Amino acid sequence: MFASACTSGFFSSYDSTCFVARLVPCAAPCAPEGAARRESTPRLPQAVKMVVPTQLEQAMETIMFTFHHYGGDKGYMNKDDLKRFMEKEFTEFLRNQKDPLAVDKIMKDLDQCREGQINFQSFYSLIAGLNIACNDYYVAHMKPKSRS
């Protein structure tokens, strides 16, 4: 975990394992870097510094938070959760599927233990597979061709 300089009684905490930036109260009174702070000196409001995740880190957070949004406190998604997720987040994908059992087939592919549950790793495999398919389409049909 990394932390920025303490300001206004808070410091921003950046957990390198999950990329979540947040404000955390300082354990000690704040003082300008390299200076001792006297208790009689009035504390002036200062801007709170935050560590801002990169675009890719934000995308990773979105995937993680999306899984937990649809899976709830269970820590996994069942078929109903997957169906709600697919209907809300991949509306066009489902609409373009000719097979009305598409969600059932996806669930079967992802539920390797046959327990009716999809863990985060399986969910991520779904996202990765869809992302690869989108990239393949982009490269074949949309990416500007470079002139050699």
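This is a predicted model: local features need pLDDT of at least 70, side-chain atom pairs count only at pLDDT 80 or more; totals for chains, interfaces and linings use all residues.
Which residues touch the most other members of the largest nonpolar core? The views below get to that after a quick tour of the chain.

View 1. Residues are numbered from 1 along each chain as its sequence is written, and side-chain values use heavy atoms, with hydrogens and water left out. The protein chain has 5 helices and 3 strands (DSSP runs, H or I of at least four residues for helices and E of at least two for strands, numbered from the N terminus). Their order is β-β-β-α-α-α-α-α. Of the 148 residues, 24% are buried (under 20% relative accessible area, with a 1.4 Å probe and protein chains only).

**View 2. Helix α1 against helix α2.** Two packed helices are described by the angle between their axes and the distance between the axes. Here α1 (residues 55–71) and α2 (residues 79–89) have axes that come within 9 Å and cross at roughly 125° (axes are lines fitted to C-alpha atoms over the stretch in contact, and angles run from 0 to 180 degrees between N-to-C directions). That makes α1 oblique to α2 (angles under 35 degrees count as roughly parallel, over 145 as roughly antiparallel, 65 to 115 as roughly perpendicular, and the rest as oblique). On the α1 side sit Thr66, Tyr70 and Gly71, meeting Asp81, Arg84, Phe85, Lys88 and Glu89 of α2 (contact means heavy atoms within 4.5 Å). By class, this contact has 2 nonpolar, 2 polar and 4 charged residues (Ala, Val, Leu, Ile, Met, Phe, Trp, Tyr, Cys and Pro count as nonpolar, Asp, Glu, Lys and Arg as charged, and the others, Gly among them, as polar).

**View 3. Helix α1 against helix α5.** The axes of α1 and α5 are 11 Å apart, at an angle of about 125°. Ile63, Met64, Thr66 and Phe67 of α1 make the contact with Phe120, Phe123, Tyr124 and Ile127 of α5. This contact has 7 nonpolar residues, 1 polar and no charged.

**View 4. The largest nonpolar core.** Back to the opening question: among the 16 residues here, Met77, Leu82, Phe85, Met86, Ile118, Phe123 and Leu126 touch the most other members (a nonpolar core is a set of buried Ala, Val, Leu, Ile, Met, Phe, Trp, Tyr and Cys residues joined through side-chain atoms within 4.5 Å). Two or more residues come from each of α1, α2, α4 (102–110) and α5 (120–142).

Note on methods
Buried means under 20% relative accessible area, exposed over 50%, partly exposed in between (1.4 Å probe, protein chains only).
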